Amino acid sequence: MKRIWVALSLMIICSAFACTEFIIVKYKSTEFFDLVETAEVYFSEREFSKSYNTLDSATKKWEKSEKILNIFLSHEKVDEVEESLCELSKYAENKDKTLFYATSEKAKRQLLCLKQSELPNLENIM
């Protein structure tokens with residue numbers, strides 16, 4: 001009987017960690033996706049300094065969140081997003097339209113992939 005209780009308690013602990021991971025990754029990826037879109041709007045309205053400031057603060061926030069995300073996600077994916085955010089802020093500062101929009105789409109796609117990789121569906125479980 002004790003084994004059943006131990007197994008159940010371990011299942012509850014694992015479920016709690018899985019739910020926590022899902023919530024954290026979903027929240028962070030949505031937050032940074034919105035920041036990139038906001039920076040895109042500023043850039044399209046030719047408010048380059050606001051776009052740069054938004055992306056610079058997003059990069060700093062990402063660096064703070066990186067420790068938590070590295071617990072749950074592949075370090076390479078987290079580093080790729082950080083690299084894209086740094087490139088975006090550089091392109092916003094230099095007012096490079098073509099590279100800014102290309103890197104913006106890349107960063108948004110990376111953030112969506114992070115979010116989708118944590119969804120509890122059959123593809124991710126297998």
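Analyst: Let's start with what a helix is here: helices (H or I, at least four residues) and strands (E, at least two) are DSSP runs, numbered from the N terminus. Gln110 lies in one of them, helix α4, which spans residues 97-117. This is a predicted model, where local features need pLDDT of at least 70 and side-chain atom pairs count only at pLDDT 80 or more, while totals for chains, interfaces and linings use all residues. Residues are numbered from 1 along each chain as its sequence is written, and side-chain values use heavy atoms, with hydrogens and water left out.

User: Why is Gln110 called buried?

Analyst: Buried means under 20% relative accessible area, exposed means over 50%, and partly exposed is in between (1.4 Å probe, protein chains only). Gln110 has a relative accessible area of 15%, so Gln110 counts as buried.

User: What makes a residue a contact of Gln110, and which residues are in contact with Gln110 beyond its neighbours within four places in sequence?

Analyst: Contact means heavy atoms within 4.5 Å. Leaving aside those sequence neighbours, Gln110 is in contact with Glu80, Val81 and Ser84.

User: How do you know whether α3 and α4 are roughly parallel or antiparallel?

Analyst: Two packed helices are described by the angle between their axes and the distance between the axes. Axes are lines fitted to C-alpha atoms, for helices over the stretch in contact, and angles run from 0 to 180 degrees between N-to-C directions. Under 35 degrees counts as roughly parallel, over 145 as roughly antiparallel, 65 to 115 as roughly perpendicular, and the rest as oblique. The axes of α3 and α4 cross at roughly 155 degrees and come within 9 Å. That angle is over 145, so α3 and α4 are roughly antiparallel.

User: What makes the crossing of α3 and α4 left-handed?

Analyst: A crossing is left-handed if the near helix is turned anticlockwise from the far one by less than a right angle, and right-handed if clockwise. The crossing of α3 and α4 is left-handed. Among the residues that meet there are Glu80, Val81 and Ser84 in α3 and Gln110 in α4.

User: How are the residues of that contact of α3 with α4 sorted by class?

Analyst: Ala, Val, Leu, Ile, Met, Phe, Trp, Tyr, Cys and Pro count as nonpolar, Asp, Glu, Lys and Arg as charged, and the others, Gly among them, as polar. The contact of α3 with α4 divides into nine nonpolar, five polar and four charged residues.

User: Why are α2 and α3 called roughly antiparallel?

Analyst: Helix α2 (residues 48-72) and helix α3 (residues 75-94) pack at about 165 degrees, with their axes 8 Å apart. That angle also passes the antiparallel limit, so the two helices get that label. α2 passes α3 in a left-handed crossing. The contact includes Tyr52 and Trp62 of α2 and Leu85 and Cys86 of α3. By class, the contact of α2 with α3 has 12 nonpolar, five polar and six charged residues.

User: And what makes α1 and α3 roughly parallel?

Analyst: Helix α1 (residues 2-44) packs with α3 at about 15 degrees, with the axes 12 Å apart. This angle is below the parallel limit, so α1 and α3 are roughly parallel. Phe32, Val36 and Phe43 of α1 meet Leu85, Leu88, Tyr91 and Ala92 of α3. These divide into seven nonpolar, no polar and no charged residues.

User: How do you know how many disulfides the structure holds?

Analyst: A disulfide is a covalent bond between the sulfur atoms of two cysteines. The test here is a pair of cysteine sulfur atoms within 2.5 Å. The structure holds zero disulfides. For Cys14, the closest cysteine sulfur is 11 Å away, in Cys19, which is too far for a bond. Cys113 is in no disulfide either, since the nearest cysteine sulfur, that of Cys86, is 19 Å away.

User: What makes Arg46 and Lys95 exposed?

Analyst: Arg46 has 64% relative accessibility, beyond the exposed limit. Lys95 passes that limit too, at 52%. Arg46 sits in the loop between α1 and α2, and Lys95 in the loop between α3 and α4. Although Arg46 is not a glycine, its phi is positive, about 65 degrees. Lys95, another residue other than glycine, has a positive phi near 60 degrees.
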